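Take a moment with the chain below.

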Amino acid sequence: MTDAQKPVAGDAAARGSRRKERTRVLLLDAAELLLSQRAPEEIRVEDVAAQAGVSAASVYVHFGTKDTLLAAVTERVLAVATDALRSAYTAEVPPLERFAGVGTAYMQLLLEHPAVVKYLTVTGERGPRTPVEAEVVARFSLLRREFEESIRDAVEASAIRRVDPELMSYVLFGAWNGIAALALRRDDLMLSPERIERAVSEAGVALLDGLIN
């Protein structure tokens, strides 16, 4: 290869790498969308490929198997969830503001990634069946416990009235998951993400009014 040919070959390799990454992201996005609509076992490789606008062979080229693809989607969402909530948990703000910030961060996560809502609902009804599903449960259980600690901090700082931090964390996690699930409904009980945000905001004000000492 001549010196003149080397930059051309390098450009071609870079374009190929970018094309592969775009296809990989398309497949991850498509699989996440389908996970917001169906249980994992109901998703086929062909469905993911059609949603992404690529061939079914692309799934095998980039991920090997459907299970590996779904595991990659799950890990991506878990990373986003962990980063968002840990940032809220560790924010250098007063305990009451931190407590409210966690709720805002979690609700935003659920609305931006409805696959999380569907995944938690499906696995909650039948129990985890795969190591990936078990990891989802373990990670969100840990995040729930960290939220419990943020409530305990607010109680101990006398920022809110005395409540049971563990029970309150379960109540709020359950409430957030429940109202976020309304966006996935296909009947008269469906609420748009915009209306859910408004409802949660108004309910949050009422909740804080009731909790503040």
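Is Glu202 buried, partly exposed or exposed? At 49% relative accessibility, Glu202 counts as partly exposed. The cut-offs are these: buried is under 20% relative accessible area, exposed is over 50%, and partly exposed lies in between, with a 1.4 Å probe and protein chains only.

A word on the model comes next. This is a predicted model, in which local features need pLDDT of at least 70 and side-chain atom pairs count only at pLDDT 80 or more, while totals for chains, interfaces and linings use all residues. Residues are numbered from 1 along each chain as its sequence is written, and side-chain values use heavy atoms, with hydrogens and water left out.

Glu202 has a partner. Its side chain meets that of Arg198 in a salt bridge, at 3.3 Å from N to O. A salt bridge here is a side-chain nitrogen of Lys or Arg within 4 Å of a carboxyl oxygen of Asp or Glu. Both residues sit in helix 9 (residues 193-211), four residues apart, so about one helical turn separates them. Helices are DSSP runs (H or I, at least four residues), numbered from the N terminus. Arg198 is exposed, with a relative accessible area of 59%.

The structure holds 15 salt bridges. One of them joins Glu32 to Arg76, with the closest N and O atoms 3.0 Å apart. This pair links distant parts of the chain: Glu32 lies in helix 1 (residues 5-35) and Arg76 in helix 4, 44 residues apart. Glu32 is buried at 10% relative accessible area. Arg76 is partly exposed at 28%. Elsewhere, Glu41, Arg126, Arg129 and Glu133 are linked in a network of salt bridges.

Now turn to helix 7 (131-156). It has 26 residues and reaches 37 Å from first C-alpha to last, close to the 38 Å expected at 1.5 Å a residue. That expected span is 1.5 Å times one less than the number of residues. Its buried residues include Val136, Arg139, Phe140 and Leu143. The buried residues of helix 7 pack against helix 4, helix 5 (95-112), helix 6 and helix 8 (165-181), where contact means heavy atoms within 4.5 Å. Arg139 also forms a salt bridge with Glu135, the closest N and O atoms being 3.1 Å apart. Arg139 is buried at 17%, whereas Glu135 is partly exposed at 33%. After helix 7 comes Ser158, whose phi is positive, near 60°.

The structure holds one cavity of 30 Å³ or more. The largest cavity has about 110 Å³ of space. Val136 and Phe140 of the buried list are among its lining residues.

The largest pocket has a volume of about 460 Å³. Of its 21 lining residues, Gly103, Trp176, Val200, Ser201 and Gly204 lie nearest its centre. Helix 9 gives the largest share of this lining, nine residues.

The second largest pocket has a volume of about 330 Å³. Among the residues closest to its centre are Leu120 and Phe140. Helix 6 supplies the largest share of that lining, six residues.

Definitions and conventions:
1 Å grid on protein atoms, 1.4 Å probe; cavity = no way out; pocket = protein on both sides within 12 Å on 5 of 7 lines; lining within 4 Å. Points joined across faces, edges and corners; volume = space filled by probe spheres on them. Helix = DSSP H or I, 4+ residues; strand = E, 2+ residues; numbered from the N terminus.
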